[in-house]
Amino acid sequence: MSDDRPTAPPIVHERRTLLHGAAALAGLALAPATTLPAFAQRPLPKVPYVTTPQDIVDRMLSMAQVGRDDVVYDLGCGDGRIVISAARRYGARGVGIDLDPERIREANANARSAGVQDRVRFRQADLFKTDFSPATVVMLYLLFEVNLQLMPQLWRQLRVGARVVSHDFHMGAQWPPERIVRVRDKTLYAWTITEELKQEVAQARGTQP
């Protein structure tokens, strides 16, 4: 059973979770819009490859309200199933990004098997050196610390109206999710890039020396 009621972001103690407690989240809530607390600036842990069950993929796409006109980016795409599903089910275009060349090869083979190779692309790349600005939807299944460091990049690059959905890991108190959905032992979080957020980021950058 799922719970679609919007709630405050919980402290999630689940598989792969690397939260640092309420004190760290409190510090994040007080941080300027484009900065992160010291713990989030440490070297990042390696994100393990864990596949997303297909029913969770389908629910993430539904939460993001993916349609034919969308460009779906999956950051840490693994075998490519999220963008492949977006293309096959909704006719969307998709881009998957992963550091592992074996995952990129697998994703390309899966796209050919699904007959959507003309609508999806997969790139071996560093997420922190990637331009996400073409995306209308961004999908995440990373780690809490990785989400925190990606958050300012998402705020800067994504256009107003872009949607972000994360599997199992939220963004802390600085960016509370608009929706939290629970499916079995999984938790999904959803956000939208708003005009107010873009203005806040622009103002914060304008006041920095």
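**Aromatic pairs, strands and helices**

Modeller: Happy to! A search of the whole structure finds 3 aromatic pairs, where rings of Phe, Tyr and Trp (its six-membered ring) pair if their centres lie within 6.5 Å, with planes under 30 degrees apart called stacked, over 60 edge-to-face and the rest tilted. This is a predicted model, in which local features need pLDDT of at least 70 and side-chain atom pairs count only at pLDDT 80 or more, while totals for chains, interfaces and linings use all residues. Residues are numbered from 1 along each chain as its sequence is written, and side-chain values use heavy atoms, leaving out hydrogens and water.

Colleague: What kind of aromatic pair do Trp155 and Trp175 form?

Modeller: Their ring centres are 5.7 Å apart, and the planes stand at 85° to each other. Trp155 sits in helix α5 (residues 144–157) and Trp175 in the loop between β5 and β6, 20 residues apart; helices (H or I, at least four residues) and strands (E, at least two) are DSSP runs, numbered from the N terminus. Both are buried, that is, under 20% relative accessible area with a 1.4 Å probe and protein chains only. The pair is edge-to-face.

Colleague: Which residue of β7 is the bridge partner of Ser166?

Modeller: Strand β5 (residues 163–167) and β7 pair in the antiparallel sense over 5 bridges, where pairing takes at least two DSSP bridges between the strands. On its other pairing, β7 joins β6 (residues 179–183), also antiparallel over 5 bridges, and Ile180 stands opposite the residue you ask about. That residue also belongs to one aromatic cluster with Trp155, Trp175 and Trp191. The partner of Ser166 is Tyr189.

Colleague: How many residues of strand β7 are buried?

Modeller: Strand β7 covers residues 186–192 and is mostly covered. Of its 7 residues, the buried ones number 6.

Colleague: At what angle do the axes of α2 and α3 cross?

Modeller: Two packed helices are described by the angle between their axes and the distance between the axes. Here α2 (residues 54–63) and α3 (residues 81–90) have axes that come within 10 Å; the axes are lines fitted to C-alpha atoms over the stretch in contact, with angles running from 0 to 180 degrees between N-to-C directions. Residues in α2, including Val57 and Leu61, meet residues in α3, including Ile82 and Ala86, with contact meaning heavy atoms within 4.5 Å. The crossing angle is roughly 65°.

Conventions
Buried means under 20% relative accessible area, exposed over 50%, partly exposed in between (1.4 Å probe, protein chains only).
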